[in-house]
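Dear colleague,

Please find below the structure that I am handing over to you. My findings follow after it.

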Amino acid sequence: MVMISVSFLFVVFNALIVPVYSQTCQGTAVYAPCSSNSACGCFPMVTADNFGVCGFLWLTCARLTPCQGTNDYCEQPDHVCVRHPRCQNQPVCYPLQMIDQRVCPPPTNIPVDTTTPLTTTPEITMTTTAPFTETTMTTTVSFTETTMTTTIQTTTTPSASVKPADNICATATWSKQGITVAGGGGTYGSAYNRLNYPDGIFIGKNQTVYVADTDNNRVMKWVKNATVGVLVAGYGGSGTNSSQLRRPKDVVVDGDETVYVTDHNNNRVQKWLRNSFRAMTILNLANSYGIALDDEETLYVSASSGGYIYQQRKGASKWESIGNNGTQVQHITIDKNGAVIGVTTQFKQVLIKHKNQTKFYYIADGSEEYFLNPSFDPYSAIVDQSGYVYALERSNNRVTRWSPGAKTGTVIIGGRGAGSAAEQLNSPTDITFDDEGNIYIADTYNHRVQKFLINKSSCN
């Protein structure tokens, strides 16, 4: 499928991030039209198969220098490495000013589904060698063909990690109707305002939503109130190289905005440094599935077979097994005390392993509901600071809340049958909090992420 999208592109050189307005192109041939300016075309990126940038086509080849080293980097801080076979067989460094949106404006048919209007202007981001300060930078680049001046405003980016909500009282409630904060529109798709069977989700600071967009083989980032997502991991569709993913299942983001992804069908865990097009494999693990990060930035990974959970402490090179519950575990989370929360779908229990202990104990169990219809059927779970358990029941399309020691839970979200209405879910897979206590759910078969607002009016 041919796709031309206004999007973020990240090119890493050193420390300063500078936004440049442009668009990317995916699934197009080299030099394919990508702009309302007929002098522009698609240049494939070296670091990502089937993915490119839209740039001005007619720079003199003599002015383009080859990319350097095995990593295909550009020594010039304002250039990006692309394929340009008309000029050289090897990749060349192309000036970022020539992929600016003011040179190559978006086409009139950007493939954002018409059911969701494009209201934001994403950016392409470059990095320079200048010190990191908030300033306005003017860059003038001269060529025989053209001269242009670009004024660029830099901004700092806050830490992406967020702690679980710690201000949820026993009498708090949540809205019955969800708000779509990513995807939606009633159908799946690969445009940047669509999702395709999303699975794991992570909420960063400022309620930024990161989504493991499983059937699109990518990770998307949606800032608060955005109608279009930004691609942050997984370039060029399904594949096994370092820029690609195959059915990613879960995602977490640390304080440096490094993205960690369980690359399920590639049996590995991938680490994407901020602004990078290529990932490094940090763990080879069959059926890697859930991933979580605690306040000390210890990383935890589960597999959907074998029952093992692994951890890697910050700065460590080795992974440790921290216990085997003997059953299948999907998504995992970490509570404020560093305990690992998981779900055994086999025995329909929510499990906890306290910090520095090796055994799992159940904290929500469906034995009292075994003969009820529907019976308790957890798939993912989170725990608040008071020990209340929030169990996402995929087959029941609901969330139940369990007070500490309770034998049964109370439905707080969903439970109205499978459907696409605001008060319904359809085979959801993951649940999490933001720092205010709002609940987010990966509503998988509705191809969306839903936010359910917390009501603390009863809290004193």
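The model is predicted: local features need pLDDT of at least 70, side-chain atom pairs count only at pLDDT 80 or more, and totals for chains, interfaces and linings use all residues. Residues are numbered from 1 along each chain as its sequence is written, and side-chain values use heavy atoms, with hydrogens and water left out.

The chain has 36 strands and zero helices (DSSP runs numbered from the N terminus: E, at least two residues, for strands; H or I, at least four, for helices). Of its 460 residues, 57% count as buried, meaning under 20% relative accessible area with a 1.4 Å probe, protein chains only.

I would draw your attention to strand β30. Five of the five residues of β30 (residues 389-393) are buried. In a regular strand the side chains alternate between the two faces of the sheet. Both faces of β30 are covered, with V389, A391 and E393 buried on one side and Y390 and L392 on the other.

β30 has a partner in strand β29 (residues 380-383), and the two pair in the antiparallel sense over four bridges; pairing requires at least two bridges found by DSSP. V389 of β30 is the bridge partner of V383. Five residues lie between these strands in the hairpin, where G387 takes a positive phi near 90°.

β30 also pairs in the antiparallel sense with strand β31 (residues 398-402), over five bridges. Here A391 has T400 as its bridge partner. The hairpin of β30 and β31 has four residues between the strands, and N397 takes a positive phi near 55°.

Yours sincerely

Technical notes:
Buried < 20%, exposed > 50% of the residue type's maximum accessible area, 1.4 Å probe, protein only.
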